[in-house]
Amino acid sequence: MKYASQRVAHVYFVGALTLFAVQVLFGLLAATVYAMPNFLAETLPFSILRMVHTNALVVWLLMGFFGAAYYLVPEEAERDIESPLLAYVQFGLLMAGALASVAGYLMGIHGGREFLEQPLWVKWAIVAVAGIFLYNIGMTVLKGRRTAITSVLLLGMVGIAVFWLFAIWNPENIAVDKLYWWYVIHLWVEGVWELVMASILAFLVIKMTGVDREVVEKWLYAIVGLALFSGLLGTGHHYYWIGAPGYWQWIGSVFSTLEIAPFFAMVVFTFTMVWRGRRDHPNKAALLWALGCTVGAFFGAGVWGFMHTLHGVNYYSHGTQITAAHGHLAFFGAYVMLNLAIMTYAMPYLRGRQPYNQVLNMWSFWLMTSAMFFMTIVLTFAGVVQVHLQRVMGMFYMEVQEQLVLFYWMRLGAGAIVVVAALLYIWAVLGPVREERPARMEAAPPRPAPAE
């Protein structure tokens, strides 16, 4: 760790992992309700369990992004964060808003809009959090060295703040509401979050492979261009059935099929850079999470998204377990694994240790990844059966649910493994370590190229 202000990232990572534990535990409870419908029915209704599960996911991912920025920007800008105190204030506001929202949900107090259930004061608190962050990081970048990584990261974070403003506006007309509701939901996860993802991956690649920065930056700009080109108009695949004009069926179908391109480019970029670098970085676990992130994102967001993005297919599949399969693997592959990668890389520096508990960390990777892919396959099969029985044959929703119970039990088993793997990861990263770290932890010298 080069700069003292990078220690700010530690509290963000700890807070993010705390909410990560909450998220997976509530996800397990929600999965239990699918298998046993009366489970906690009078104590904690499914709607509340799902609300906590999804909101905790979004907040801890954002908290991880903020922590990643506070860790990597000083190294990129070659100066300390503008105001570490403001960074801690920002963390306090974000965590207080998250805990207050969860407490409100458990008592049945919420805004009612799916994924945006936060009370109005919490939404304004998030605006304040975003403002503090943009000032802090913006001034750090403007007064220091400017790189492609910090520029793309800042662009992504500005997009997060701008599109969040649509969460505050709540139109009375439900069609208009959904039209702009997707400005937050889609343009976050399939637009500006991809910029954050690309910049963090580029930072990790440079640090762990030693590949020339100019090469990485060329890839970064290409990926960002693909993400913005496909992601912005790709929002149209959410407009098919909400009362929007018919031309969105074609715009959404065409541009949504292109959304697979930036994720495929990330796979090629990361694996190519690791191969070209030929370095044995001591933090094998961080490299594993980074490589896994691109593969998981490609399949979850790219392949599974492509499977039902055309309007002719989506007419039958929207709102089924196929959507759930896509959502679970996309979020896990693209953003959960990204956060776990940067935390695995940064925490040894922040705690002044060698890369530690790596075997446990890598066990967590394989357990969590295997369980999530199994869960995705199970939900995909459940969705196909649901589409046929409900949307083609016309059976009632609850009749169909009874036919899917076996799939829900398998999903519950996979969810239990995810929880175990998440706890293993948290212990591996935050648990006790013995060995002190040298002053700097660098990659080993490049291996000689194989003889021709």
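This is a predicted model: local features need pLDDT of at least 70, side-chain atom pairs count only at pLDDT 80 or more; totals for chains, interfaces and linings use all residues.
1. Confidence. The protein chain has a mean pLDDT of 90. Of its residues, 95% reach 70 or more. One stretch needs care when reading the model: over residues 437-452 the pLDDT is below 50. Beyond near neighbours in sequence, that stretch has 33 contacts in the model.

2. Helix 12 against helix 13, geometry. Two packed helices are described by the angle between their axes and the distance between the axes. Helix 12 covers residues 321-351 and helix 13 covers residues 358-392. They pack at an angle of about 165°, and their axes are 7 Å apart. An angle over 145 degrees counts as roughly antiparallel, so helix 12 and helix 13 are roughly antiparallel to each other. The crossing of helix 12 past helix 13 is left-handed.

3. Helix 12 against helix 13, composition. Which kinds of residue make up the contact of helix 12 with helix 13, nonpolar, polar or charged? There are 16 nonpolar residues and nine polar ones. No charged residue takes part in this contact.

4. Gln390. This residue sits in helix 13. Is Gln390 buried or exposed? Its relative accessible area is 19%. The cut-off for buried is under 20%, so Gln390 counts as buried. Leaving aside residues up to four places away in sequence, Gln390 touches Met395, Tyr397 and Val400.

5. Glu78. Most residues other than glycine have a negative phi. Glu78 is not a glycine, yet its phi is positive, about 60°. Glu78 lies in the loop between helix 2 (46-77) and helix 3 (84-106). With a relative accessible area of 48%, Glu78 is partly exposed. Exposed would need over 50%.

6. Phe115. Here too the backbone has a positive phi, about 70°, and Phe115 is not a glycine. Where is Phe115 placed? It is in the loop between helix 3 and helix 4 (120-143). Phe115 has a relative accessible area of 28%, which makes it partly exposed.

7. Gly210. This glycine lies in the loop between helix 6 (174-209) and helix 7 (213-233). Gly210 is partly exposed, at a relative accessible area of 41%. How many residues apart in sequence are Gly210 and Phe269? They are 59 residues apart in sequence. In space, C-alpha to C-alpha, Gly210 and Phe269 are 14 Å apart.

Note on methods: Residues are numbered from 1 along each chain as its sequence is written. Side-chain values use heavy atoms; hydrogens and water are left out. Helices (H or I, at least four residues) and strands (E, at least two) are DSSP runs, numbered from the N terminus. Buried means under 20% relative accessible area, exposed over 50%, partly exposed in between (1.4 Å probe, protein chains only). pLDDT is the predictor's confidence in each residue, from 0 to 100. Contact means heavy atoms within 4.5 Å. Axes are lines fitted to C-alpha atoms, for helices over the stretch in contact, and angles run from 0 to 180 degrees between N-to-C directions. Angles under 35 degrees count as roughly parallel, over 145 as roughly antiparallel, 65 to 115 as roughly perpendicular and the rest as oblique. A crossing is left-handed if the near helix is turned anticlockwise from the far one by less than a right angle, and right-handed if clockwise. Ala, Val, Leu, Ile, Met, Phe, Trp, Tyr, Cys and Pro count as nonpolar, Asp, Glu, Lys and Arg as charged, and the others, Gly among them, as polar.
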